[in-house]
Amino acid sequence: MTTSVVVTGLGITAPNGLGTQDYWAATRTGKNGIGRVTRFDSSSYPATLAGEVPGFAAEELLPSRLLPQTDRMTRLALVAADWALADAGVDPENLAEYDMGVVTASSSGGFEFGQNELQKLWSQGSQYVSAYQSFAWFYAVNSGQISIRSGLKGPSGVIVSDEAGGLDALAQGRRLIRKGTRMIVSGGVDASICPWGWVAQLTAKRLSTSDEPSRAFLPFDADASGYVPGEGGAILIMESAESARERGARVYGEVAGYGATFDAAPGSDREPALRKAVEFALADAGIAPEDVDVVFADAAGVPELDRVEAQALVEVFGERGVPVTAPKTMTGRLYSGAGPLDVATALLAIEEGLIPPTVNVHPAEEYGLDLVVDQPRTAEVRTALVVARGYGGFNSAVVVRAAA
Amino acid sequence: MSTQEFTLDDLRRILLEGAGADEGVDLDGDILDVRFEALGYESLALLETGSRIEREYGIVLDEDLLTDADTPRALIAAVNEHLAAVPRAA
């Protein structure tokens, strides 16, 4: 029998809440975390809104040794990992050296750090560029820094598949645990709200140009016009159910199923591959569509992408066949952080028996979705499906369910 | 002709600016003969420290110097040797 893999710790840094408690208190009541960009002057750019993590004081949470060598995304990830380990009641010092590894996702790397160093290169000269530029921008830097900080020498790595990557990282974590590693720190945290990161994001032509926080990101709404980017994400502690049982750990739920597909080239007449990813995840979990109590949607906010997702969900679950929600309407799209944050949110929804709302959206009838809007909905939630898509054709889906 | 002197206080300041300080390490303590590695500084931290010293004092340090000078005392002595050899205009 394949090893059951469970989540025993959560660390959350999100635009509408820092720490699991603040985040869930905000999310369950629909508190918005989107606002005007404050990290740089965005007034001359087409997009001016973002979901920024508020009140994050890295210098109070991390040793000064780490500050000169880390991008904001890494500082957020390190703190989220500290919180997740504490939440799981794991002290890596008490584990065997190779018992724990780190697999995170990344979509852009450390853009803000890189931008600062490139500015020094061109304005002052190469001798002014930080020696830490050699790794601080890497995709793999969050995994590396978490691994070094906590002394985790088990199998580690990074997954890069844009916004689908966060779910792909959890799947890789599950794979490594099934191969025998006791615990994996997984998830994803991205933060790219700086001019260089901003222009890179603008090239996809999917950012909303609205300057009204409550009107800018409206997935599945007739007025959808793109998305608002955000920063942050979630780090999760994963381990075998047996390991969790042995140490008497609190179990949030099981990562029960995973599926991933890749879309055909643009212009192809082959159908979008998202539905297949969902079907693979359900099959992997050994469940039927009617077993799913809620879907956390990818919710692109781009009309043609919303249509593809709605159609996939209607084909699998039937018209208005399952409650669907998109709490990311409160945070913006968090790239590699989105999937892990949605998985964490799904686990908290299971725990409380409450589906957090999609905010600001008036669902378009044509999509045929039972979208949970405005107010949270109480419901017995035992099984949730989380969907995430990455730019360029990545589709991933994860099934989480209440601990047996 | 005046020569600048590079002191332990200068080194402390540059280490803090360029690489910070590890938890549990007191840079204000008696560190002159403690190896950089034991103070929590790996090769990149020393590279960054070296390049900041070069910028500030207008000198060029040998690449080997940073690997050979493995304590504050050794690094301070080496920097002062350079400063004496390449006096700055007053």
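**Labels and their grounds**

Guide: In this predicted model, helix H4 (111-123) and helix H8 (195-202) of chain A each supply at least two residues of a nonpolar surface patch. The patch has an area of about 510 Å² and is made by A:Leu118, A:Leu121, A:Trp122, A:Trp196 and A:Val199.

Visitor: Which helix gives the most to the nonpolar patch?

Guide: H4(A) does, with three residues.

Visitor: A:Leu121 lies in helix H4 of chain A. Why is A:Leu121 called partly exposed?

Guide: The relative accessible area of A:Leu121 is 30%. Buried requires under 20% and exposed requires over 50%. The value for A:Leu121 falls in between, so the residue is partly exposed.

Visitor: Why does A:Thr70 count as buried?

Guide: A:Thr70 has 3% relative accessibility. The cut-off for buried is under 20%, and therefore A:Thr70 counts as buried. A:Thr70 is found in the loop between helix H2 (58-61) and helix H3 (72-88) of chain A. Leaving aside neighbours within four places in sequence, A:Thr70 is in contact with A:Arg75, A:Leu78, A:Phe113 and A:Gln145.

Visitor: What joins the side chains of A:Thr70 and A:Arg75?

Guide: A polar contact of 3.1 Å joins them; the limit for such a pair of N or O atoms is within 3.5 Å.

Visitor: Is A:Thr38 buried or exposed, and why?

Guide: A:Thr38 has a relative accessible area of 63%. Exposed means over 50%, so A:Thr38 is exposed. A:Thr38 lies in the loop between strand E3 (34-36) and strand E4 (49-51) of chain A. The side chains of A:Thr38 and A:Glu52 are joined by a polar contact of 2.4 Å. A:Thr38 and A:Cys194 are 156 residues apart in sequence and 9.8 Å apart in space, C-alpha to C-alpha.

Visitor: What makes the meeting of A:Arg149 and B:Glu23 a salt bridge?

Guide: The N to O distance between the side chains of A:Arg149 and B:Glu23 is 3.8 Å. The rule asks for a side-chain nitrogen of Lys or Arg within 4 Å of a carboxyl oxygen of Asp or Glu, so the pair qualifies. Across the interface of chain A and chain B the rule finds two salt bridges, and eight residue pairs in polar contact, both at pLDDT 80 or more.

Visitor: How many residues of chain A are in contact with chain B?

Guide: 13 residues of chain A are in contact with 16 residues of chain B. The area buried between the two chains is about 1100 Å², and carbon and sulfur atoms give 51% of that area. A:Arg65, A:Ala131 and A:Tyr132 supply 47% of the area that chain A buries against chain B, more than any other three residues.

Key
Residues are numbered from 1 along each chain as its sequence is written. Chains are lettered from A and ligands numbered from 1 in the order in which they are written. This is a predicted model: local features need pLDDT of at least 70, side-chain atom pairs count only at pLDDT 80 or more; totals for chains, interfaces and linings use all residues. Side-chain values use heavy atoms; hydrogens and water are left out. Patches are made of residues with over 30% relative accessible area and no salt bridge: like charges are joined within 9 Å, nonpolar side chains (Val, Leu, Ile, Met, Phe, Trp, Tyr) within 5 Å. Accessible areas come from the Shrake-Rupley method with a 1.4 Å probe; for residues, only the protein chains shown count as cover. Helices (H or I, at least four residues) and strands (E, at least two) are DSSP runs, numbered from the N terminus. Buried means under 20% relative accessible area, exposed over 50%, partly exposed in between (1.4 Å probe, protein chains only). Contact means heavy atoms within 4.5 Å. Buried area is the accessible area (1.4 Å probe) that two parts lose on being put together, summed over both. A polar contact is a pair of N or O atoms within 3.5 Å; within protein, one must be able to donate a hydrogen and the other to accept it, and residues adjacent in sequence count only if both atoms are side-chain atoms.
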